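My entries follow in the order in which I made them.

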Amino acid sequence: MLRFLTAGESHGPALTAILEGMPAGLPLTAADLASDLARRQISYGAGGRMKIEQDSARILGGVMAGQTTGAPIALWIENRDFAKWREREIDPMTTPRPGHADLTGAVKYGYRDLRLALERASARETAARVAVGAICKALLGQFGVRIGSYVTAIGGVAVDPARLAALSYDARFELAEGSDLRCPDPEAAEAMRQRVWQTMQAKDTVGGLFEVIALGLPPGLGSHVHWDRRLSGRLLGAVGSIHAIKGVEIGPAFENAEKWGTEVHDEIFLAEGNWEVPGETERSRRLVRRTNRAGGLEGGITTGEPLVLRVAMKPISTTLNPLRSVDLASGQPNATAYERSDFNAVPRAGVVAEAMVAFVLADALLEKLGGDSLAEMQPRFAALRQARLEDLPMDNTPWRFGIE
Ligand code: EPS
């Protein structure tokens, strides 16, 4: 239903993106994209480039009179650093840096200078993804869905799981917003700051872990019927496509793998109450969970519980201390040369992952509701089947496959 493309080099004139498939009638201005673009740029341990760029997106198509028209939305984000690169003679780059796309890109495309790989492989491209994701968040927001993220570990320094568990998701988001490490645990954030500082002194880089959460999702997004319609796979792929992301789990998947099935699966209970769901005014009996070890998905379909993704980022590949490599021009062993970069980008990656999750969820919502306009989607959303006992009548009679 939704598609997006990005184009542009890290030090070229601009990044562009086209988002196709947004319904008409969504209120949208460039200001709606500003907050996430700024959030992506804040992080203790970011490199010098973030002092140069102050990202803002221009909307060049698909929005008129402050609302989407249903046409492709075209975005433009200027690279301020381009001014310095425009007329400059660029030194040859012939020694591939381990961890980057320098060598793999050259093998694949036959580049005669490795910068051609660097320019497009750079995580600068994530600015365009965040702008696209902000539009997807605006759509989801119309249906009460919101997405946040927070850092849980940097360079082996982790939040205290008990302190984290005591905080609601909203409290975690709020605390993370107030921290340039995007960490909701102030004590852990201080220890992380020390670790990042040590990292910079040691001329090295760090990776870490973060969580992305979506709240307010209706049950029934995604499908169990086919591999490419399972929301689990779509989310894992989308978040795993982000630069330096090497692992994504749904809920505590790796912990679950060590437990008994009876300890893992979220048991189902019947509860009666007044539920704060669209279109419901009376008391009803609902199927509820007391745990969410499934991370909000069963059979590739949302359960209505919070969607929980845990993400692992490798240390940034550009290190001030050289790594051993080979100069492809001379054929001799050579140490890598340093290119300005980040020391720690874990907090920023969380914001990028929010954008990718927003894109996948907006796509799944459109798939569920159809609709060319927001006005068409709203009544359909209100009529969605919920996990209410009354919504799930059973035949309760024997039956046969009936296939010869
Ligand atoms: C990046 C290297 C650095 C980062 C960049 C990603 O850029 P530069 O080489 O210009 O210093 O700052 O990220 C961004 C520019 C950004 O906007 O996130 C890399 O090699 O991936």
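This is a predicted model: local features need pLDDT of at least 70, side-chain atom pairs count only at pLDDT 80 or more; totals for chains, interfaces and linings use all residues.

**Entry 1. Terms and basis.** I take a polar contact to be a pair of N or O atoms within 3.5 Å; within protein, one must be able to donate a hydrogen and the other to accept it, and residues adjacent in sequence count only if both atoms are side-chain atoms. Residues are numbered from 1 along each chain as its sequence is written, and side-chain values use heavy atoms, with hydrogens and water left out.

**Entry 2. Glutamate 119.** I located glutamate 119 in helix α5, residues 115-121; helices (H or I, at least four residues) and strands (E, at least two) are DSSP runs, numbered from the N terminus. Its side chain makes a polar contact of 2.7 Å with the side chain of histidine 11. Is glutamate 119 buried or exposed? Glutamate 119 counts as buried because its relative accessibility is 10%; buried means under 20% relative accessible area, exposed over 50%, and partly exposed in between, with a 1.4 Å probe and protein chains only. Not counting residues up to four places away in sequence, glutamate 119 touches Glu9, Ser10, His11, Gly12 and Trp85, where contact means heavy atoms within 4.5 Å. Glycine 12 is 107 residues from glutamate 119 along the chain, yet their C-alpha atoms are separated by 8.1 Å.

**Entry 3. The ligand.** Which residues are around the ligand? I list His11, Arg40, Arg49, Met50, His100, Ser122, Ala123, Arg124, Arg340, Ser341, Asp342 and Arg348, the criterion being a heavy atom within 4 Å. Histidine 11 places a polar side-chain atom 2.6 Å from a ligand oxygen atom. For arginine 40, an N or O atom of the side chain is 2.6 Å from an oxygen atom of the ligand. For arginine 348, the corresponding distance is 2.5 Å.

**Entry 4. The four-stranded sheet.** I traced an open sheet of four strands in the order β1-β2-β6-β3, with antiparallel pairing; two strands pair if DSSP finds at least two bridges between them. Its edge strands, each pairing on one side only, are β1 (3-7) and β3 (57-61). On average, neighbouring strands of this sheet are turned by 20° against each other, direction ignored; the axes are lines fitted to C-alpha atoms, for helices over the stretch in contact, and angles run from 0 to 180 degrees between N-to-C directions. β1 pairs with β2 (residues 14-20) over five bridges in the antiparallel sense. Across this pair, phenylalanine 4 stands opposite leucine 19, and arginine 3 stands opposite glutamate 20. The two strands form a hairpin with six residues between them, and glycine 8 in the turn has a positive phi of about 125°.

Entry 5. β10 and β15 pair over five bridges, with glycine 247 opposite alanine 312. In α8 (residues 169-177), I noted Arg172, Phe173 and Ala176 as buried. These residues fall within an arc of 100° seen down the axis, so they line one face of the helix; the arc is that of the directions from the helix axis to the C-beta atoms. Their cover includes β7 (146-154), α7 (161-165) and β9 (208-215).

**Entry 6. Helix α10.** The buried residues of α10 (residues 231-240) are Leu231, Ser232, Arg234, Leu235, Ala238 and Val239. Their arc around the axis is only 165°, which puts them on the same side of α10. Among the elements covering them are α6 (126-141), β10, β15 and α13 (346-369). Serine 232 counts as buried because its relative accessibility is 17%. Its contacts, leaving aside neighbours within four places in sequence, are Ile250, Leu297 and Gly300.

**Entry 7. Leucine 320.** Where is leucine 320? I placed leucine 320 in the loop between β15 (307-313) and β16 (324-327). Leucine 320 counts as partly exposed, because its relative accessibility is 33%. Beyond four places in sequence, leucine 320 touches Lys203, Tyr338 and Phe343.
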